[in-house]
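Here's a quick walk through the domains and the ligand site. Have the model open while you read.

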Amino acid sequence: MRISIIGCGYLGAVYAASMASIGHDVLGLDVDQDKIDGLNQGRAPFHEPGFDKVLAQSLESGRLRFSTEYADAADYEAHVICVGTPQQVDAAGADLTYVHAAVDSLIPHLSDSDVVLGRSTVPVGTASSLVERLRAAGSQAVLAWNPEFLREGFAVKDTLHPDRLVYGLPEDPAEAARAREVLDAMYAPMLEAETPLVVGNYATAELVKGAANSFLATKISFINAVAEVCEATGADVSVIAEAIGLDDRIGPKFLRAGIGFGGGCLPKDIRAFMARAGELGVTEALGFLREVDHVNNRRRDHVVNMARKALDGSFTGKRIAVLGAAFKPDSDDTRQSPALYIASKLSGRGADVVVTDPAANQRVHAERPNLAIAEDAYAAATGADIVLLLTEWQQFKDLDPVKLREVVTTPHMIDGRNVLDPAQWREAGWTYQSMGRP
Ligand code: UDX
């Protein structure tokens, strides 16, 4: 298949390189010239394990190239919208500016046998409105919705070996058949490998994504709410998570209590889902997601309060080492990062904060110049009055409490991700606190 991919962020760039790696001819389009130049030279614009390799191999094969010229898309038959849908600046809903711009820029270069596929996460009803946009501009191209579910840190694996494929097809049987033909050809190796395929209409496919991310967010906030109860009782949330996770109706995944979820997806997706429900007159149906969001935000503030108490009520003149800035390990993404939120809050309250992250240091330096950056955990912790582990990178999980103790002023650790062994750290002389564990 000849596929153009519009938007070369975390989703589109990985998708472009991965689709080329399974034999398709792929064009990646983006308006950012620097990003496109870098990608054409094999430079990844973000940290994503395995991406550099698949990018290099796909460029080498001659089946992948990147461009800023929409006119180049004219030679391709499937066009996949992978642009971002961030939260609106002054409202909870999703900002569709980039989706609309992508479709409008594509329209002059579409032929009527082309298929446009949406992969961006959008509010329900967007696909239908995009069809109207296409038709109003005189294009008869077929539109289908094909949500993605990739996790950062596993983006290549999730793209090449997805749990499931979802097709949202048009009502018209001939259009649906054309969309299906293109989708089946694009995903032939995945279908051959018996990846489950779920087919519905536009609204269903759009809602699958909102529902999946809301469920995941709810699961995390659920266990974090239980952690709050544990903190009031002396119970251990990690033992509770283990025990309830053994019930296969519940399952053990996404039950890690800590400082909550962040990133470019879950926080904005639950808000956009609620906002859309409001527009549709079913606000109450998703009212619980407001609570999910509140629980999540409370965990961040809880860590700030724990640190304040540990420092005898004042941050002034106190040195705080923050281990981690990315919203999760194996990523340099700091969007809605709980770690960065906490670091900024502490700094705003007068603490001398030193942050270190194995992949996000440069990004933090650019985005939060008020935060000091250190090369590694030992440099960050030197002279610290307290150490906060906020992103569970392997490097931090492997820290030697005896060695780290030698560099700090006060051996006090707040483990925001419940990943260190309490007994080992206490034995090494640390005051050790974690989330929802005695
Ligand atoms: C998420 C969805 O998993 C993915 O399917 C969707 O396509 C995009 O959004 P991602 O944002 O990459 O993916 O991160 P994910 O692995 O889901 O983690 C989200 C956040 O939840 C992270 O901040 C992580 O630290 C946190 N988390 C996850 C927990 O706090 N506890 C858990 O048990 C799991």
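Buried area here is the accessible area (1.4 Å probe) that two parts lose on being put together, summed over both. By that count, about 770 Å² is buried between domain 1 and domain 2, and carbon and sulfur atoms give 61% of it.

A word on the ground rules: this is a predicted model, where local features need pLDDT of at least 70, side-chain atom pairs count only at pLDDT 80 or more, and totals for chains, interfaces and linings use all residues. Residues are numbered from 1 along each chain as its sequence is written, and side-chain values use heavy atoms, with hydrogens and water left out.

**The two domains**

The domain assignment, which is automatic or from a database, gives domain 1 (2-195) and domain 2 (210-293). Twelve residues from domain 1 and eight residues from domain 2 make the contact (heavy atoms within 4.5 Å). The C-alpha centres of the two domains sit 29 Å apart.

What about salt bridges across this interface? The rule (a side-chain nitrogen of Lys or Arg within 4 Å of a carboxyl oxygen of Asp or Glu) finds zero.

**The ligand site**

Around the ligand you'll find 20 residues, and Phe-149, Glu-152, Arg-256, Phe-327 and Lys-328 are the closest (a heavy atom within 4 Å counts as near). Here are some distances to an oxygen atom of the ligand:

| Residue | Polar atom | Distance |
|---|---|---|
| Leu-150 | backbone | 2.9 Å |
| Lys-328 | side-chain | 2.8 Å |
| Arg-417 | side-chain | 3.1 Å |

Taken alone, the ligand exposes 670 Å², and the protein buries 96% of that (Shrake-Rupley method, 1.4 Å probe).

Note on methods: Polar contact = N/O pair within 3.5 Å; in protein donor to acceptor, adjacent residues only side chain to side chain.
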